[in-house]
Amino acid sequence: MIRVMKTTLTAAFVLLLAGTQVFAFETKAKAAFVMDQGTGTILMSKNADEALPPASMSKLMTLYLAFEAVTKGRLSMEERLPVSQHAMNYGGSTMFLDTTDKVKVADLLRGIIVLSGNDACAVLAEALSPDGTEAGFARMMTRRARQLGMTNSTFANSNGWPAPGHRMSMRDLALLANLLITDFPEFYPMFAETEFQFDGRAPGNTKNRNPLLYLDIGADGLKTGHTSEAGYGLVGSARQGNRRVIFVISGLQSAASRAEVSEQIVNWAFRQFSETKLAREGERIAEAQVWMGKDNRVGLVPAQDIDVLWPVLSEDDVKGEVVYYGPVEAPIAEGQKLADLVVTPEGLPEIRVPLVAEKAVAQGGFTVRMRTALSVLLSQMGNSDEEASGT
């Protein structure tokens, strides 16, 4: 009878799991999400799936679609785009564009990233929109976001200007940030630029508002946001050594509070966690029982190195077990997925890693099959005797 089975970890692996715990980070942000990019580990989640006003952080979706258009040849960086009256009419943070301008795509992109230009977003939106309007582009943003897995994002415009129904979740913003970093490495360095002077205009709006770029903590992006409705927020990323952290915060009361919380999160994420090799490819973690096989057990190994994010503080043991449906019926192929290694560090999400057969196990011959059948028969007889005696 096939059933869920759990097996003992090897002694060496049990020692590796011993002694780690982490304490949760408290934040003043209304909503927050922090992830380690390399391992995908979620380090913090606070109201992360609530659809909230994203303010200018939603400009990242406009940038994603613009980068995609350039990559696919629908736009070129040197192409000049006209400025409509609609785009010029935007207030707030702008590039001070007017209807006499024809602006290079490269300048518009930097105008969005560094200057947070609402007008620059509208210019790109109208150029890429299926119907030539910003509203049409917003519908396009929503459809593309759904395709990319952003299930709590709906757009009413290209720049985050307050509008009914214009919403994103912190998790969606983190997903979008990760996509920008991984899908467009040729464009991502623009997010680290601290200053952009466009045509001598707006001397008071030339500096990047991302406060972490001016600190020596590895920060290299992405986008701030602020409206009275949304409060102060930031989608940020920082890299130290081989690790990258992506985080999103929203709902803070001031730019100073945003800067303080952002720095605290980055320092916490790098200081309290380290990347650890949990197991190497081919290293035996445990064994599974085999049914009707030439061998009655088979080793369980990871198909590739397992790198996980691990808390650095030592206190309690981490729980780990191997779970599979068994006994596993022969024949078994080498590398066949048989089980899952489930590890639960204190304060972190469950880690589940597939384990495969260490070697092939052929089906047993006549003697093995007879011995197995006899074992099953004796087991059934024993159960019948227990039932008859009422034990």
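## Strands and helices in a predicted model

Strands β7 and β8 (residues 243-252) run antiparallel and are joined by 8 bridges; strands pair if DSSP finds at least two bridges between them. This is a predicted model, in which local features need pLDDT of at least 70, side-chain atom pairs count only at pLDDT 80 or more, and totals for chains, interfaces and linings use all residues. Residues are numbered from 1 along each chain as its sequence is written, and side-chain values use heavy atoms, with hydrogens and water left out. Strands (E, at least two residues) and helices (H or I, at least four) are DSSP runs, numbered from the N terminus.

Let us stay with β7 for a moment. Its other partner here is strand β6 (residues 219-227), which runs antiparallel to β7. The table sets the two pairings side by side.

| Pair | Bridges | Residues in the hairpin | Opposite residues |
|---|---|---|---|
| β6 and β7 | 8 bridges | 3 residues | H226 and Y232 |
| β7 and β8 | 8 bridges | 2 residues | S237 and I246 |

In the turn between β7 and β8, G241 has a positive phi of about 60°. Strand β7 (residues 231-240) is largely enclosed by the rest of the structure, because 7 of its 10 residues are buried; buried means under 20% relative accessible area, exposed over 50% and partly exposed in between, with a 1.4 Å probe and protein chains only.

N178, in helix α7 (residues 170-183), touches Q37 and I246, not counting residues up to four places away in sequence; contact means heavy atoms within 4.5 Å. N178 is buried, with a relative accessible area of 18%.

Now for a helix pair. Helix α2 (residues 59-71) packs on helix α4 (residues 105-113) at an angle of about 160°, their axes being 10 Å apart. Axes are lines fitted to C-alpha atoms, for helices over the stretch in contact, and angles run from 0 to 180 degrees between N-to-C directions. The two helices are therefore roughly antiparallel, a term for angles over 145 degrees. On the α2 side, K59, L63, A66, F67 and V70 meet V105, L109, I112 and I113 of α4. These contact residues divide into 8 nonpolar, no polar and 1 charged.

In helix α5 (residues 118-128), 10 of the 11 residues are buried, among them N118, D119 and E126.

How values were computed
Parallel < 35°, antiparallel > 145°, perpendicular 65-115°, else oblique. Nonpolar A, V, L, I, M, F, W, Y, C, P; charged D, E, K, R; others polar.
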